Amino acid sequence: MIKIKLEPFEIQMGADVATRRFVENLKMNRGFGHGFKGTIDKQIALGISGACSEVAFCKAYDKYWNGSYSHEYKEYTDTDISGNIEIRSQYKKLENYLIIRPNDKKAKFVLVIDESPNFSIMGWYLNNGNINEKYLTNFGIQSRPYCYGIPLSDLYNMEELCQTK
């Protein structure tokens with residue numbers, strides 16, 4: 001696990017991008033997806049958490065963060081970070097899992113835990129389209145679509161991330 005602290009200006013940068021992403025999704029009539037039933041406030045907060053987690057990863061690994069979003073009313077198809085890396089963020093819970101959906105892009109998925117301004121990069125897992133079915137779950141929530149929930153104990157060490165193609 002790698003811990004990183006964001007400075008206020010870095011949190012502002014993430015928040016700015018998250019609100020742009022939110023507005024662009026409104027313009028395209030796109031919801032938050034995947035069975036999300038929360039309020040707009042919660043949706044924006046989760047968006048800020050996600051963007052700040054991307055900033056934290058890039059700060060920790062000295063990578064460029066382009067703050068991507070589509071202003072062309074179309075789906076953004078690149079990965080969050082160069083090197084085919086997708087960032088997944090969560091707030092700290094009793095049990096955190098890296099969530100990968102069955103139709104997600106093939107990429108290296110990294111779990112970042114948000115305890116803003118502090119973030120923890122927990123590990124990563126490769127989605128090559130062949131994830132073990134033992135991870136398939138809806139976490140007992142019948143209205144939730146099935147996803148792969150990879151427990152922290154099964155995530156790969158971050159040192160190995162840059163060594164994979």
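Tutor: Helices here are DSSP runs of H or I with at least four residues, strands are runs of E with at least two, and both are numbered from the N terminus. On that basis the elements of the protein chain run β-α-α-β-β-β-β-β-β from the N terminus on, with 2 helices and 7 strands. Please keep in mind throughout that this is a predicted model.

Student: Why are α1 and α2 called oblique to each other?
Tutor: Helix α1, residues 8-27, packs against helix α2, residues 40-60, at an angle of about 130°, and their axes are 8 Å apart. An angle over 145 degrees would count as roughly antiparallel and one of 65 to 115 as roughly perpendicular, while the rest, once those under 35 are set aside as roughly parallel, count as oblique. The pair is therefore oblique, and α1 passes α2 in a right-handed crossing.

Student: Which residues make the contact between α1 and α2, and what is its make-up by class?
Tutor: From α1 the contact draws on E10, I11, M13, G14, A15, A18, T19, R21 and F22, and from α2 on I40, Q43, I44, G47, I48, A51, C52, E54, V55 and K59. By class, the contact has 11 nonpolar, 4 polar and 4 charged residues, where Gly is counted among the polar ones.

Student: What makes E54 count as buried?
Tutor: E54 lies in helix α2, and its relative accessibility is 4%. Buried means under 20% relative accessible area, so E54 counts as buried. Leaving aside neighbours within four places in sequence, E54 is in contact with R21, W65, D80, I81 and I87.

Student: What makes A107 a buried residue, and which residues does A107 touch?
Tutor: A107, which is found in strand β4, has 0% relative accessibility and therefore counts as buried. Not counting residues up to four places away in sequence, A107 touches T79, N84, E86, Y125, L126 and N127. With E86, the separation is 21 residues in sequence and 6.5 Å in space, C-alpha to C-alpha.

Student: Why is N84 called partly exposed, and what is its phi?
Tutor: Partly exposed covers the range between the buried limit of 20% and the exposed limit of 50%, and N84, at 35% relative accessibility, therefore falls in that class. N84 is found in the loop between α2 and β2, and its phi is near 65°, a positive value in a residue other than glycine. Most residues other than glycine have a negative phi.

Student: Where is F139 found, and what makes it partly exposed?
Tutor: F139 is found in the loop between β6 and β7. Its relative accessible area is 32%, so F139 is partly exposed. F139 also has a positive phi, of about 55°, although it is not a glycine.

Student: Which residues does the cis peptide bond join?
Tutor: The bond joins S116 and P117, with omega about 10°. Most peptide bonds are trans. P117 is found in the loop between β4 and β5, and its C-alpha atom is separated by 7.9 Å from that of P8, although the two are 109 residues apart along the chain.

Student: Why are P8 and E159 called exposed?
Tutor: Exposed means over 50% relative accessible area. P8, in helix α1, is exposed because its value is 62%, and E159, in the segment after β7, is exposed because its value is 64%.

Methods:
Residues are numbered from 1 along each chain as its sequence is written. This is a predicted model: local features need pLDDT of at least 70, side-chain atom pairs count only at pLDDT 80 or more; totals for chains, interfaces and linings use all residues. Side-chain values use heavy atoms; hydrogens and water are left out. Axes are lines fitted to C-alpha atoms, for helices over the stretch in contact, and angles run from 0 to 180 degrees between N-to-C directions. A crossing is left-handed if the near helix is turned anticlockwise from the far one by less than a right angle, and right-handed if clockwise. Contact means heavy atoms within 4.5 Å. Buried means under 20% relative accessible area, exposed over 50%, partly exposed in between (1.4 Å probe, protein chains only).
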